[in-house]
Amino acid sequence: MPDNGWPADRIDTESAHSARIYDYILGGKDFYPADQEAGDAMAREWPALPIHMKANRDWMNRAVAYLAEEAGVRQFLDVGTGIPTSPNLHEIAQSVAPDSRVVYVDNDPIVLTLSQGLLSSTPEGRTAYVEADMLDPATILGAQELRDTLDLTQPVALTVIAIVHFVLDEADAVGIVRRLLDPLPSGSYLAMSIGTAEFAPREVARVAREYAARDMPMRLRTHTEAEEFFEGLELVEPGIVQVHKWHPDGTSTEPIRDEDIAMYGAVARKP
């Protein structure tokens, strides 16, 4: 791996990290040997893991395009951003509406170091990065970077993508999302992808054990549990479905089997 200038005193290079595993499996370059070892071990347990992760990324692209083009949203708050992978959220939104404004939030020092890739806005739009923990909504919402970038009197799309399966019950993931959404005005949206083991329970359980063995325990959710995040909101059709079934665009070269996807995706409007 190349020397990216990451601050060595803040990055644990000996332990696998969920964002770097994701980057490795998606074919990125911002990972360490521990992440490669973990990703290879997980893919051995569930060979569909790369298909699953790519489908989640493709869903994010479609959801953001829908929000910008169909819903007319011009402001985005992306919590749990992860390592930049082009096209990034702002690139998708600004390709539809160049004046879109995006605030990225993450607490990973690698994401912070690589955040220049998240800040290459169009002249008409704007992007900003907030270093904060998802578990602390007050800090996120009170960040000056957010207040300088987004107008919270106008609709905002809150995107929480492929992250809540790392939020355990004691941290109250539903409550965290609700506290992030509550200050946003009517006409705002929530877009989420939520990990599940309902379609390949044995295989996904083995992957979860690999994560847990590396101090990354997971909380996978049923469809009923996923519904809790969207209570009081107006779900966009087709509702909460596996990510490959949400507004498919027909660009997939191979059919995707339901048992190869362990993520629900949904977009909902705040009335």
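Where is the place of P238?

1. P238 sits in the loop between β6 (234-235) and β7 (241-242); strands (E, at least two residues) and helices (H or I, at least four) are DSSP runs numbered from the N terminus. The peptide bond from E237 to P238 is cis, with omega near 10 degrees.

2. This is a predicted model, in which local features need pLDDT of at least 70 and side-chain atom pairs count only at pLDDT 80 or more, while totals for chains, interfaces and linings use all residues. Residues are numbered from 1 along each chain as its sequence is written, and side-chain values use heavy atoms, with hydrogens and water left out.

3. A162 is not a glycine, yet has a positive phi of about 55 degrees. The loop that holds A162 runs between β4 (157-161) and α8 (173-181). Most residues other than glycine have a negative phi, and most peptide bonds are trans.

4. Helix α2 (residues 33-45) packs with helix α9 (residues 201-213) at an angle of about 160 degrees, their axes 8 Å apart. Axes are lines fitted to C-alpha atoms, for helices over the stretch in contact, and angles run from 0 to 180 degrees between N-to-C directions. The two helices, α2 and α9, are therefore roughly antiparallel (angles over 145 degrees). Contact (heavy atoms within 4.5 Å) joins A41, M42 and E45 in α2 to E203, R206, V207, E210 and Y211 in α9. By class, this contact of α2 with α9 has 4 nonpolar, no polar and 4 charged residues; Ala, Val, Leu, Ile, Met, Phe, Trp, Tyr, Cys and Pro count as nonpolar, Asp, Glu, Lys and Arg as charged, and the others, Gly among them, as polar.

5. For helix α3 (residues 49-69) and helix α4 (residues 89-96), the axes come within 9 Å and cross at roughly 35 degrees. On the α3 side the contact is made by M60, N61, V64, A65, A68 and E69, and on the α4 side by L89, I92, A93 and V96. By class, the contact of α3 with α4 has 8 nonpolar, 1 polar and 1 charged residues.

How values were computed:
Angles under 35 degrees count as roughly parallel, over 145 as roughly antiparallel, 65 to 115 as roughly perpendicular and the rest as oblique.
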